[in-house]
Amino acid sequence: MNITIDYSKASGRIKAMHAVGQPPINGAIGCEYFHYLTDAAIPYARLHDVGGPFAGNRWVDIPNIFRDFDADETKEESYDFAFTDLLIKELVDNGCAPYFRLGVTIENYHYIKAYRIYPPADYEKWARICEHIIRHYNEGWANGFFYGIRYWEIWNEPDNGVTPEENQMWKGTPEEYYELYAVTAKHLKACFGDSIMVGGFGSSGVGYALSVPEKYELDIPRSEPPTYCCERGAFMVEFFENFLAYIQARHAPLDFFTWHAYGLNAIQIGHCSKYIDKMLETFGYADAENHLNEWAIDPPWETRGTVKASALCAATMCIMQDASTDILCIYDARIGLSMYGGVFCPYPEVKPFPLYFALKAFGELYRLQGWVKPEYTENEAVFAQAATDGEKKAFLITNISEEAQTIKTNLDKDMKAYLIDATHELTPVSLNLSEFVMQAEDVILWKNFE
């Protein structure tokens, strides 16, 4: 493969493709691993499912901050900000912006008993509670702060089940969620205007639209699309489109739309982003940002902790830099045993998995800001992106195939190679820049600075 990069043709910005879901909390108050966020220039940590079931009864969730829904939402003493204050301060101190989900944590055992995933008893009051939380963190209310948190997401995955009985995130109807979103979004934008971004809804299944590409005029020539999962897939796609129709009719704002991708490969994720753009434009929200704020390497359990996960992560970030998606948050960066905890190894000692180093490598591009798009013949094996600040240059490349790939470039010979594989953790290696071989599932960062 021949790759050509012209660093004089920087256009646009390297986007936040290496954000994470959940920060690396260790135990009740352990934030000692947040330095990894700084080291990798992680731009955002989405605050959802933080701290385990019910958010550890401490963090972020509305019922953890506003514990008695019958209390007076205008009074400081009605709120318990203690642990969430600690969490957000540590994120800010480590240069990672909080991405605040207004809602509750998933209840995986809802079929035994559901606690917090019912629609709020009073939507207007719930919106005012959210307002005061924002005032605490952005306007200093209730002995608060002036963090300027930008993204405020209303709930998460209300489409997580065809019926309320099987839904582990929302025990209401679709229309009840649409109304909660509309009421809350309109209230928050009336209060704060353009100083914040309001969005939702953490769609869990828009990817099923790829099973009917002709309906959406999607060109999917290379990868077999997923199929509808019977009634569930169709329900999720309809939920999304009906949501847009509902909020459009009520003139509700949507500054950003959030969606999730599980069971899709990197190329399919790119196609899904195009479908979302098409729907946003159709319903009058063409200016809304597009956030894939939960995604995982598939299958998460088998790939967790492998160099394959690192290569696939790098490929996805490269592909989505080229797409319209503005933010990617990989799920997730927790310190703990989980099939989705693919960023850090929690046992017997905490240390980064190879995937972390892919995020860190992309962070080097992100710091430089100026996006330079490499020119090469597209295939399904090698993906690349480049960046510059005018003097410093960096180039990220990954091989996701099971075969070695010979790469030829036109790049400056003063750039050094940093390898991620089974024995290298973004460590320097000696390679010939004009022509080098990438082994299967290698990730290489080239740069001309230390």
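## Exposure and the model

Buried means under 20% relative accessible area, exposed means over 50%, and partly exposed covers the range in between. The model described here is predicted. Glutamate 166 has a relative accessible area of 38%, so it counts as partly exposed.

## Glutamate 166 and arginine 232

The whole structure holds 17 salt bridges. One of them joins the side chains of glutamate 166 and arginine 232, at 3.9 Å from N to O. Glutamate 166 sits in the loop between β5 (151-154) and α5 (174-192), and arginine 232 sits in helix α6 (residues 230-249), so the bridge ties together parts 66 residues apart in sequence. Arginine 232 is partly exposed, at 26% relative accessibility.

## Lysine 373 and aspartate 322

Lysine 373 pairs with aspartate 322 in a salt bridge. Their closest N and O atoms are 3.5 Å apart. This pair links two loops: lysine 373 lies between β12 (370-372) and β13 (382-388), and aspartate 322 lies between α9 (307-321) and β9 (327-331). The two residues are 51 residues apart. Lysine 373 is partly exposed at 48%. Aspartate 322 is partly exposed too, at 36%.

## Lysine 416 and glutamate 450

A salt bridge of 3.2 Å, N to O, connects the side chains of lysine 416 and glutamate 450. Lysine 416 belongs to strand β16 (residues 416-420), while glutamate 450 falls in the segment after β19 (443-447), so the pair ties together parts 34 residues apart in sequence. Lysine 416 is partly exposed, at 46% relative accessibility. Glutamate 450 reaches 72% and counts as exposed.

Some salt bridges share partners. Arg46, Glu153 and Glu294 are joined this way into one network.

Notes:
Residues are numbered from 1 along each chain as its sequence is written. This is a predicted model: local features need pLDDT of at least 70, side-chain atom pairs count only at pLDDT 80 or more; totals for chains, interfaces and linings use all residues. Side-chain values use heavy atoms; hydrogens and water are left out. A salt bridge is a side-chain nitrogen of Lys or Arg within 4 Å of a carboxyl oxygen of Asp or Glu. Helices (H or I, at least four residues) and strands (E, at least two) are DSSP runs, numbered from the N terminus. Buried means under 20% relative accessible area, exposed over 50%, partly exposed in between (1.4 Å probe, protein chains only).
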